[in-house]
Amino acid sequence: TPDDDFHHTIDSTVDGKINALTPYHPKRVLPRELAAIIRKSTLLSRKNRYKNVKEMSDEIRRYLKGEAVLAEPDTPIQKLQRWISQNKEKTLVLILSITLLSGSLIAWSIYKRHTDNLLSQQREAKQTQFSNLMRNKSQEINTQLLDMASLTKEYAAGIEQVMGSQPSQTVPVYTFAMAQNSQHPPDASTSKLYHSSVSLNHFVFKTAKGTPQDKVAPLMQKIAPYAPFLKRLFLLSHGDPYLKADSEQAQDLILNQGILAADTYAGFEAGFGFTYPMSITNPNYDPRKRPWYQVAKGTKGVQWGQPYLDSAGLGWVIPSTKALYDVNDTFKGVVGIDIKLPFVSETIKIAKPYIKDVYLLNPKGEILVQGSAKAKSYQSGDLVNTLEKLTLFPQSDVVKAIQSKVPSGYLRSKGPNPTVYSYQYLSATQWYYLVEADAQKLFAKQ
């Protein structure tokens, strides 16, 4: 009834209850801000309502202008939405700017990724090229060393064979003492390369001090006929084509032009020895004290020694040696073939602008040969029986890898000027071939 509705309204008003705010038009939505104004203006507590009409009218004006009302402040998202609705042109410009910037960033990202991939591919290609170059060079070096080791074995087998034969009664034996009295082999001649009398068809034996000549004479007579065969072996050290040279050409090659083998030699436990093709000139020479003899004594197989100073004035050489045994497997001596150190240094070099240096290292990581190093020089005939102390390679990671018998590797140092180290095991000598390269030059952008 009308009275009931009246009393219900009075009771609701007293209790501060407000009917739901429902627009007259069912499809219209009451704005959030306007609803907030209505709620605040009808609150039960007077102090919570607007203080006066002006404050309420200012609130309504803010609503009509599209501004945030004090009755219900905007959240951050609502603030953004309001700013967008009030600044449509600026919003459009901002969206376009963001779109262009995003597009540019995406394009730059794609370009950068493509460039990085391209640089990575170029880097991998250069590293592969460098590794292949290193591997091919090490195989070339190893092949030459294997060839020299094979010649050393052949040389040892030949000497062992003649040691077991009967003494020759037809081939004359020439000795150091005879040479001192100007009794030289008939083919003895001078040489541009060797600093002593040179014979290609005869050995000139040198007996160590304290060794009776008559005690070793029978063994000298057994070995003397082998000299012409050693000439063939000497020529073969530089390749098959040299074997086709006639007698005069062969003599000129050995005496004046020089071949891979600097010289050959033999030392016997009985107390004598010889060098070929030149003669021993130092009266104190004892083959048993020479570094090459000490390296091979009592061993089996070919032994490669560290560089040592040749006694005939050929400079620094690397020996390939092998111990001699009789039919009872008793040690009898050592034979060897020397390679000139400068030849080895040139052989291991690589002519590339990014190569800093090349090395041969022993299994301890010590430097045997350094491509850029200049060896000390001595006068002809100097007799140095001691080996020089070797220097450990300065890069500790390389040394650790070699001492751990890692067959090959690739390391790069840190810092502003990085260096690349690539090393390869040489089976012929149990040494390592090491190449040191400038990383910046190696991987320079093209």
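**Strands, core and cavities in a predicted model**

Modeller: Strand 11 (residues 408-412) pairs with strand 12 (residues 419-426) in the antiparallel sense, over five bridges. Strands here are DSSP E runs of at least two residues and helices are H or I runs of at least four, numbered from the N terminus; two strands pair if DSSP finds at least two bridges between them. This is a predicted model, where local features need pLDDT of at least 70 and side-chain atom pairs count only at pLDDT 80 or more, while totals for chains, interfaces and linings use all residues. Residues are numbered from 1 along each chain as its sequence is written, and side-chain values use heavy atoms, with hydrogens and water left out.

Colleague: Which residue stands opposite L411?

Modeller: Y421 in strand 12.

Colleague: And what does strand 12 pair with over eight bridges?

Modeller: Strand 13 (residues 431-438), again in the antiparallel sense. In that pairing V420 stands opposite A437. The hairpin of strand 12 and strand 13 has four residues between the strands, and Q430 takes a positive phi near 65°.

Colleague: How many residues of strand 12 are buried?

Modeller: Six of its eight. Buried means under 20% relative accessible area, exposed over 50%, and partly exposed in between, with a 1.4 Å probe and protein chains only.

Colleague: New topic. Which residues have the most contacts inside the largest nonpolar core?

Modeller: Y155, I223 and Y433, in a core of 63 residues. Such a core is a set of buried Ala, Val, Leu, Ile, Met, Phe, Trp, Tyr and Cys residues joined through side-chain atoms within 4.5 Å. Helix 5 (residues 88-163) gives the largest share, 12 residues.

Colleague: What is I223 in contact with?

Modeller: Leaving aside neighbours within four places in sequence, its contacts include I159, V162, F203 and F268. Contact means heavy atoms within 4.5 Å.

Colleague: How many cavities of 30 Å³ or more are there?

Modeller: Three. A cavity is a set of points on a 1 Å grid over the protein atoms alone where a 1.4 Å probe fits but cannot get out, and lining residues have an atom within 4 Å of a point. Points are joined across faces, edges and corners, and the volume is the space filled by probe spheres set on them.

Colleague: What lines the largest cavity?

Modeller: The lining has 14 residues, with Q144, L145, I339, V344 and T347 nearest the centre. The volume is about 120 Å³. Helix 5 and helix 11 (341-348) each give two or more residues to this lining.

Note on methods: On a 1 Å grid over the protein atoms alone, a cavity is a set of points where a 1.4 Å probe fits but cannot get out, and a pocket is an open set with protein on both sides within 12 Å along at least five of seven lines; lining residues have an atom within 4 Å of a point.
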